[in-house]
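Subject: Structure handover

Hello,

Here is the structure for your files. My notes on it follow below.

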Amino acid sequence: MRITITRAGERHGEVYFSSAYGEGKGQWLGSSPAPGEECEAELELPELFIKWVDLVPAPGQPPSISIESGKNVLTGTLEDIEEDGTACMRLGESLIMFECLGEPMAIGGTVELTAGIIRIYPAAY
């Protein structure tokens with residue numbers, strides 16, 4: 001995902017960023033970027049999410065990233081959930097992997113995921 005670093009966060013390594021899908025914040029893992037710097041990045045969600053609580057259907061909503069009550073809210077297409085709980089969300093051209101538990105959900109639908117932590121890695125293309 002192409003992002004622009006907008007400013008440093010309050011914690012060490014925390015950055016705020018903007019993208020074609022909105023704005024978020026995360027923990028940058030790499031050499032520190034400067035505000036205004038554009039880069040290709042991969043997003044990772046290290047938390048364990050609960051389906052129907054942290055991950056909920058959002059039919060008709062466009063792909064987006066926003067910050068609400070200090071947490072990141074990502075909206076995208078649920079591409080896959082494996083039996084072990086490994087799941088994948090498509091946000092625009094990017095795939096974001098995460099782990100989840102709970103009752104089954106329909107693959108291919110639009111979902112909203114509330115995440116406290118996003119890890120951001122410089123993409124190694």
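In the hairpin of E8 and E9, four residues lie between the strands, and Gly85 there has a positive phi near 95°. This is a predicted model, in which local features need pLDDT of at least 70 and side-chain atom pairs count only at pLDDT 80 or more, while totals for chains, interfaces and linings use all residues. Residues are numbered from 1 along each chain as its sequence is written, and side-chain values use heavy atoms, with hydrogens and water left out.

Strands (E, at least two residues) and helices (H or I, at least four) are DSSP runs numbered from the N terminus, and two strands pair if DSSP finds at least two bridges between them. E8 (residues 71-81) runs antiparallel to E7 (residues 64-68), with five bridges between them. Four bridges join E8 to E9 (residues 86-91), also antiparallel. E11 (residues 110-115) is joined to E8 by six bridges, again antiparallel.

Some individual partners: Ile65 is bridged to Leu74 in E8, Asp80 has Cys88 in E9 as its partner, and Val73 stands opposite Thr114 in E11. The hairpin of E7 and E8 has two residues between its strands, and Ser69 in that turn has a positive phi of about 50°.

For the protein as a whole, there are twelve strands and zero helices. The radius of gyration, taken over C-alpha atoms, is 14 Å, which agrees with the value near 14 Å for a compact globule of 125 residues (the globule rule is 2.2 Å times the number of residues to the power 0.38). The C-alpha atoms fill a box of roughly 40 × 35 × 25 Å along the principal axes. Buried residues (under 20% relative accessible area, 1.4 Å probe, protein chains only) make up 38% of the 125. Of the contacts (heavy atoms within 4.5 Å) between residues at least 6 apart in sequence, 64% join residues at least 24 apart.

The largest pocket has a volume of about 160 Å³. A pocket is an open set of points on a 1 Å grid over the protein atoms alone where a 1.4 Å probe fits, with protein on both sides within 12 Å along at least five of seven lines; lining residues have an atom within 4 Å of a point. The volume is the space filled by probe spheres set on the points, which are joined across faces, edges and corners. Its lining includes Arg11, Glu14, Asn72 and Arg119. Strand E3 (residues 22-28) gives the most to this lining, with three residues.

Regards

Methods. Buried means under 20% relative accessible area, exposed over 50%, partly exposed in between (1.4 Å probe, protein chains only).
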